[in-house]
Amino acid sequence: MSYAVSAALQVAVFSALAGDPALDALVGDAIFDADPTGALPAQYVSLGAERARDRSDGSGGGALHEFDVSVVSDGEGFHATKLIAAAVSDLLVDAELVLTRGRLVSLRFYKAKAARVENGRVRRIDLTFRARVQDD
(Lines give C-alpha, C1' and ligand atoms only; values in the text may rest on other atoms or scores of the structure.)
Protein backbone atom coordinates (compact mmCIF):
# COMPACT_ATOMS: atom_id res chain seq x y z
CA MET A 1 0.00 0.00 0.00
CA SER A 2 1.01 3.55 -0.51
CA TYR A 3 -0.52 6.51 1.30
CA ALA A 4 1.82 8.78 -0.62
CA VAL A 5 -0.84 9.88 -3.11
CA SER A 6 -3.12 11.24 -0.38
CA ALA A 7 -1.80 14.81 -0.36
CA ALA A 8 -1.92 14.99 -4.17
CA LEU A 9 -5.53 13.74 -4.12
CA GLN A 10 -6.51 16.36 -1.53
CA VAL A 11 -4.94 19.18 -3.54
CA ALA A 12 -6.67 18.03 -6.73
CA VAL A 13 -10.09 17.73 -5.05
CA PHE A 14 -9.75 21.13 -3.36
CA SER A 15 -8.60 22.76 -6.61
CA ALA A 16 -11.54 21.27 -8.52
CA LEU A 17 -14.01 22.55 -5.92
CA ALA A 18 -12.42 25.99 -5.63
CA GLY A 19 -12.19 26.43 -9.41
CA ASP A 20 -15.74 25.43 -10.35
CA PRO A 21 -17.96 28.29 -11.58
CA ALA A 22 -21.23 26.54 -10.62
CA LEU A 23 -20.05 25.98 -7.05
CA ASP A 24 -18.64 29.50 -6.91
CA ALA A 25 -22.10 30.84 -7.79
CA LEU A 26 -23.53 28.99 -4.78
CA VAL A 27 -20.90 29.55 -2.06
CA GLY A 28 -18.37 31.99 -3.49
CA ASP A 29 -14.92 31.42 -2.03
CA ALA A 30 -16.31 29.67 1.07
CA ILE A 31 -14.51 26.41 0.30
CA PHE A 32 -12.10 25.16 2.96
CA ASP A 33 -9.70 22.27 3.35
CA ALA A 34 -10.55 22.19 7.08
CA ASP A 35 -13.53 23.32 9.12
CA PRO A 36 -13.39 27.12 9.30
CA THR A 37 -13.04 28.94 12.58
CA GLY A 38 -14.24 32.32 13.75
CA ALA A 39 -17.21 33.95 12.04
CA LEU A 40 -18.67 31.33 9.74
CA PRO A 41 -20.13 32.04 6.32
CA ALA A 42 -23.87 31.38 5.93
CA GLN A 43 -22.99 28.38 3.77
CA TYR A 44 -19.73 26.69 2.97
CA VAL A 45 -18.02 23.54 1.73
CA SER A 46 -15.27 21.85 3.71
CA LEU A 47 -13.04 18.85 3.13
CA GLY A 48 -13.32 16.38 5.98
CA ALA A 49 -12.18 13.01 7.22
CA GLU A 50 -10.38 10.49 5.07
CA ARG A 51 -9.89 6.76 5.33
CA ALA A 52 -7.56 4.75 3.09
CA ARG A 53 -7.13 1.05 2.39
CA ASP A 54 -4.57 -0.88 0.41
CA ARG A 55 -5.54 -1.63 -3.17
CA SER A 56 -2.11 -2.54 -4.52
CA ASP A 57 -1.98 -5.08 -7.30
CA GLY A 58 0.52 -6.58 -9.71
CA SER A 59 0.95 -3.25 -11.47
CA GLY A 60 2.08 -1.39 -8.33
CA GLY A 61 1.02 0.39 -5.19
CA GLY A 62 -2.46 1.74 -4.90
CA ALA A 63 -5.11 2.71 -2.40
CA LEU A 64 -8.82 3.29 -2.03
CA HIS A 65 -9.48 6.61 -0.31
CA GLU A 66 -12.86 7.34 1.22
CA PHE A 67 -13.09 11.05 1.94
CA ASP A 68 -15.80 13.38 3.12
CA VAL A 69 -16.87 16.71 1.75
CA SER A 70 -19.23 18.60 4.05
CA VAL A 71 -21.79 21.18 2.98
CA VAL A 72 -22.96 23.41 5.83
CA SER A 73 -25.71 26.04 5.76
CA ASP A 74 -27.63 28.10 8.26
CA GLY A 75 -30.63 28.23 5.92
CA GLU A 76 -34.19 27.42 7.01
CA GLY A 77 -34.45 24.07 5.26
CA PHE A 78 -32.33 21.59 3.40
CA HIS A 79 -33.13 22.78 -0.13
CA ALA A 80 -30.22 25.21 -0.54
CA THR A 81 -27.85 22.80 1.19
CA LYS A 82 -28.89 20.00 -1.15
CA LEU A 83 -28.34 22.20 -4.20
CA ILE A 84 -24.77 22.84 -3.05
CA ALA A 85 -24.25 19.13 -2.29
CA ALA A 86 -25.54 18.25 -5.78
CA ALA A 87 -23.05 20.68 -7.34
CA VAL A 88 -20.21 19.08 -5.36
CA SER A 89 -21.32 15.61 -6.41
CA ASP A 90 -21.75 16.60 -10.06
CA LEU A 91 -18.25 18.03 -10.04
CA LEU A 92 -16.45 15.13 -8.38
CA VAL A 93 -18.18 11.98 -9.69
CA ASP A 94 -16.06 10.53 -12.49
CA ALA A 95 -13.86 13.64 -12.46
CA GLU A 96 -10.61 13.40 -14.37
CA LEU A 97 -8.41 15.05 -11.77
CA VAL A 98 -4.72 15.39 -12.50
CA LEU A 99 -2.57 14.52 -9.48
CA THR A 100 0.94 15.77 -8.80
CA ARG A 101 1.85 12.22 -7.76
CA GLY A 102 0.26 9.01 -8.99
CA ARG A 103 -2.97 8.93 -10.91
CA LEU A 104 -6.67 8.82 -10.23
CA VAL A 105 -8.22 5.58 -11.47
CA SER A 106 -11.81 6.35 -10.44
CA LEU A 107 -13.82 8.75 -8.30
CA ARG A 108 -17.31 7.74 -7.21
CA PHE A 109 -20.03 8.88 -4.82
CA TYR A 110 -20.43 6.43 -1.93
CA LYS A 111 -22.94 7.85 0.55
CA ALA A 112 -24.34 10.96 2.19
CA LYS A 113 -25.82 11.93 5.53
CA ALA A 114 -28.02 15.00 5.97
CA ALA A 115 -28.64 16.26 9.49
CA ARG A 116 -29.66 19.23 11.58
CA VAL A 117 -26.82 20.18 13.91
CA GLU A 118 -26.15 22.84 16.53
CA ASN A 119 -29.60 22.51 18.12
CA GLY A 120 -31.29 22.44 14.72
CA ARG A 121 -29.97 25.85 13.63
CA VAL A 122 -27.59 24.49 10.99
CA ARG A 123 -28.05 22.03 8.13
CA ARG A 124 -25.12 19.75 7.30
CA ILE A 125 -24.68 17.22 4.54
CA ASP A 126 -21.62 14.97 4.69
CA LEU A 127 -20.89 13.45 1.29
CA THR A 128 -18.52 10.48 1.13
CA PHE A 129 -16.62 9.73 -2.05
CA ARG A 130 -14.36 6.81 -2.95
CA ALA A 131 -11.25 7.52 -4.96
CA ARG A 132 -9.10 4.69 -6.31
CA VAL A 133 -5.53 5.87 -6.87
CA GLN A 134 -2.45 4.24 -8.30
CA ASP A 135 1.07 5.28 -7.28
CA ASP A 136 2.80 4.79 -10.62
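Me: By class, what residues does the lining of the largest pocket have?
Reply: Five nonpolar, three polar and three charged. Ala, Val, Leu, Ile, Met, Phe, Trp, Tyr, Cys and Pro count as nonpolar, Asp, Glu, Lys and Arg as charged, and the others, Gly among them, as polar. This is a predicted model, where local features need pLDDT of at least 70 and side-chain atom pairs count only at pLDDT 80 or more, while totals for chains, interfaces and linings use all residues. Residues are numbered from 1 along each chain as its sequence is written, and side-chain values use heavy atoms, with hydrogens and water left out.

Me: Which residues line the largest pocket?
Reply: Ser6, Leu9, Gln10, Val13, Asp33, Leu47, Gly48, Ala49, Glu50, Phe67 and Asp68. A pocket is an open set of points on a 1 Å grid over the protein atoms alone, where a 1.4 Å probe fits, with protein on both sides within 12 Å along at least five of seven lines; lining residues have an atom within 4 Å of a point.

Me: Which elements give two or more residues to that lining?
Reply: α1 (6-18), β2 (43-54) and β3 (61-73). Helices (H or I, at least four residues) and strands (E, at least two) are DSSP runs, numbered from the N terminus.

Me: Switching to the sheet, what's the strand order?
Reply: β1-β2-β3-β5-β4, an open sheet with mixed pairing. Two strands pair if DSSP finds at least two bridges between them.

Me: And how many bridges for β2 and β3?
Reply: Ten, in the antiparallel sense. Tyrosine 44 stands opposite valine 72 in β3.
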